[in-house]
Amino acid sequence: MGVTQAQQPGKARLLSEATRENISRIALNYDSAQSVVMPALYAAQEQLGYLPDQAIVEVAEILQLPPSEVGAVASFYTMYFRRPVGQHIISVCETLSCALRGAEGIMEHVRRKLNIKAGETTADGKFSLNSVECLGACDMAPVAMIDGEYYGNLTEEKVDEILMGLGL
Amino acid sequence: MIGEESGETQVTLTIDDRQVTVPNGTLILKAAEQLGIEIPVFCYHDKLKSIGACRMCIVDVEGLPKPVPSCATEVKEGMVVRTRTPEVAKMWEGVLEFLLVNHPLDCPVCDRGGECPLQDNTFKYGPRDSRFTGEKRHFAKPVPLSALVLLDRERCIMCTRCVRFCQEISGDEQLKIWDRGHGEYIDTFPGQTFDSNFSGNTIELCPVGALLSSVFRFRARPWEMKGAASICPHCGVGCNIRVDARNNREVVRFLSRENAEVDDGWLCDRGRFDSDFPNSGARLTKPLARKNGELTPVEWDEALDLVAEGLRRAAEAGPDQVGGLGSPWRTNEENYLLQKLFRTALGSNSLDFTFDGRGGGSDAIAEAFREGFFDGSISDTTTANVIFVLGSDISIDLPVVDLWLKKAVGRGAKLIYAYPTAVELAQHSQLFLPYAPGSEVELIEGLAASISAEEAAAHTGVPAELIAKAPQALMDARQTLVFVSGRLLEDEIGHRLLDALRRLRRAAASGEGQEMLVCAVFPDTNTQGAMDMGLLPGRYPGYRRIGDELAMQTIERTWLTQPASAPPMSGEQMLAAAAEGRMQAMYIMGLDPVSRPVGGEEIAEALSKVGFLVVADTFLTKTAELAHVVLPSCTFAEKDGTLTNTERRVQRIRPAMRIAGECRPDWVILSEIARRLGMEWSYGKAEDVFEEIARVTPQYAWLDYESIGEKGLQWRTG
């Protein structure tokens, strides 16, 4: 597929050369530009911490896709962040298995500890809390994903311990 | 049946205990339609790909464990489908109950109320009540997606017809689904407006009142409106529209009235949203006559007497001192009567519909029309293997043809786009030839390989290797369709351009079964008709030369008087004569050349020297302000008549609302003037004029209002 490095004149670019190269490399693995959208967005998010609209536009430019198409994908998945997020990202699963095993209580506990609602970031920018759909680890429900790591069979005590480890 | 001829297999199935035979691959929904069995739908639309998203159309199929969406399930031999069982009824009820969970049910204040598929389906198939007691979704509303299209997200049922239109039809990818699950909504990219030439179609596609027209919003309820089957007055495509007027008093909207050969069911935004002008308070509603230097309202009789007297006196001074200008925005009937008036009562052949210069090309194009050189149609885009556009930015000149071309490219037709700059459609082409303006002839010679690619490159500035790609493509094509700018053909190079096109046709249609079709591009509404009607210097109706004995005899038999054979002046020549104070009288109908951005001042100066200037128009234009008598004309929405589009299709407009003020259709005005000049015209209705047109215009000989009907007919030669 065609990959371009076209730059809009007069606009500072958000994505670094390294990220751009990374996306171009990823693109080699796929037949269609659409297929590259998700890994490309991850690459952009890895650099910037989140996906500002401008980053989405740049990814779209690189892949020669309409920005709306890339943006719509970014907005669909909970693991792409379209607003700045905290240093640590806590995603609590609230789908069926976890819900049956007390996810609601876990969520409530985390909310109280961090004093924020799902979808928010603490004032010190340290923690972001998300409510997510099934993480695919029902065997250890209730489950949360924290900074990409899975934590299962959660109890309030276990949550306290983890949060302490993260410097709360 | 076509299916049988092409060896397509037929499938017989049973729907609600009735048998139907349809081609293999037919959707259950469409098979049911053939039996007159209604299945409710929301996301399904004939022009869009099936996605089976809304589940409204689910039906029971014997042997399948679960109900299936009939819009996404193909028929099978022996299939037994049931759409009217208690189970299906319950499912439809359930689907509607879910769709209504978040719907605000604000039908009394919704534009769609009264013509809304969601409302209709709910009444027919929905539950009496909702069990949902929670809080419905709330959004800020309405959200202006653009100056023309508003979105009420609370009413949206996420059928995604609008999203798919932007993807599959217009290709501009403007609207998308954002977010997910119960949070999802339709939007453009953050911060962008819905910027498309075709955005209004999404309003018509919307099966609820979510997408709204800022022009129509809150203007009328469906039961207050009556629609007239008419033609969009805004360009040379002649898209078929329904003109909806409220209480017969004001035009409130244009809707598409699908003509599968002209518009494919779409309208462009320019056409759709410029619907308000017939209602304008600034319209002329009473005749004006200059008294003590001021245009003063007068009665019709006085105005018409003045006009007749003024024209009579001027004509007495000599037929070379009077001239008439018709208009690409007036009907064939009106343009026809204008030339008839001048060619009979006033003895003048000085007729045109523009003040623009006409090079030698004007005569060449007339000759080409007479001999039937132009034979291409818009709908040929559905079969052509190669489509070659020369010198027209189709997206602006004939907006809806832009969609036809994209559709053609989508099915694999090769688009060769020759235009000086990289316009939008050029991006969709397989071969883009950005030539230097003025080098069109050499470009075509190069494509026809009658000169070498290198030589063509030297003239046109297009790289030789690009030009060299064309001849093979044309040779390989069974059918080639050419859209060539009428403007280019009218230019000085017109003769040579037509000759070059003839050579190209010989090259592209040299093989067995090969053909090349040519369609001229005229962006203005009825340029084709104005030319057909004889508003060309030197040509009677039907492109027959002035002085042609046979033509004069046929015309005389109908007109009962010999048509003028005086030497004609073109618009440009009339203007030059006016500037020198040599025009005694001019009649300008439906044209406002003084308002042109370039050259308007010179035209105004020349027209102010015309001894007696009559302007018939709908508004007091800058041109009308110079007139001695101003006559208030009807807009297209208040009269009958025909327009001829860029592919020579004659189509009917019909009155949609009552006539504003004291306005009259131009054909009536002209008849009144003719009567005062001693002519015995007796046209009771526009149709009578058309019958006469058919008698004196060979290309129109086989047409009448009845055969033109709802879909129009192309004229033909011989």
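**Entry 1: what kind of model**
I noted before anything else that this is a predicted model.

**Entry 2: where chain B meets chain A**
I started with the contact between the two chains. Nine residues of chain B take part, and 15 residues of chain A. I looked up the buried area next and got about 1000 Å² between chain B and chain A, with carbon and sulfur atoms giving 64% of that. Which residues of chain B lose the most area to chain A? They are W178(B), R180(B) and F189(B), and together they make up 54% of what the chain B side buries.

I also sorted the touching residues on the chain B side by type. I got four nonpolar, one polar and four charged. With charged residues on my list, I checked for salt bridges across the interface of chain B and chain A, and the rule finds zero. Polar contacts do turn up there: three residue pairs, both partners at pLDDT 80 or more.

**Entry 3: salt bridges, and R253(B)**
Next I searched the whole structure, and the count over all chains came to 64 salt bridges. I picked out R253(B) to follow. Its side chain meets that of E115(B) in a salt bridge, N to O at 2.9 Å. Why does this pair tie together parts that are apart in sequence? R253(B) sits in strand 13 (residues 250-256) of chain B, while E115(B) is in the loop between helix 3 (86-99) and helix 4 (117-125), so the bridge spans parts 138 residues apart in sequence.

R253(B) also forms a salt bridge with D244(B), again 2.9 Å from N to O. Are these residues buried or exposed? R253(B) has 8% relative accessibility, so I wrote it down as buried, the cut-off being under 20%. D244(B) is buried too, at 1%. E115(B) comes out at 23%, so it goes down as partly exposed.

**Entry 4: E692(B) and K340(B)**
I then looked at another bridge in chain B. The side chains of E692(B) and K340(B) meet at 2.9 Å, N to O. E692(B) belongs to helix 25 (residues 686-696) and K340(B) to helix 9 (residues 332-344), so this pair links distant parts of the chain, 352 residues apart. Both ends are buried: E692(B) has a relative accessible area of 6%, and K340(B) is at 5%.

Salt bridges with shared partners join D106(B), K141(B), D152(B), E154(B) and R155(B) into one network.

**Entry 5: a stop at N279(B)**
Last, I looked up a single residue. Where is N279(B)? I found it in the loop between helix 7 (269-273) and strand 14 (288-291) of chain B. At 24% relative accessibility, N279(B) counts as partly exposed.

What does N279(B) touch, leaving out residues up to four places away in sequence? My list reads R219(B), E250(B), V251(B) and M657(B). I also found a polar contact of 2.7 Å between the side chains of N279(B) and D276(B). For a sense of distance I took V22(B), which is 257 residues from N279(B) along the chain, and their C-alpha atoms are separated by 48 Å.

Terms used. Residues are numbered from 1 along each chain as its sequence is written. Chains are lettered from A and ligands numbered from 1 in the order in which they are written. This is a predicted model: local features need pLDDT of at least 70, side-chain atom pairs count only at pLDDT 80 or more; totals for chains, interfaces and linings use all residues. Side-chain values use heavy atoms; hydrogens and water are left out. Contact means heavy atoms within 4.5 Å. Buried area is the accessible area (1.4 Å probe) that two parts lose on being put together, summed over both. A salt bridge is a side-chain nitrogen of Lys or Arg within 4 Å of a carboxyl oxygen of Asp or Glu. A polar contact is a pair of N or O atoms within 3.5 Å; within protein, one must be able to donate a hydrogen and the other to accept it, and residues adjacent in sequence count only if both atoms are side-chain atoms. Ala, Val, Leu, Ile, Met, Phe, Trp, Tyr, Cys and Pro count as nonpolar, Asp, Glu, Lys and Arg as charged, and the others, Gly among them, as polar. Helices (H or I, at least four residues) and strands (E, at least two) are DSSP runs, numbered from the N terminus. Buried means under 20% relative accessible area, exposed over 50%, partly exposed in between (1.4 Å probe, protein chains only).
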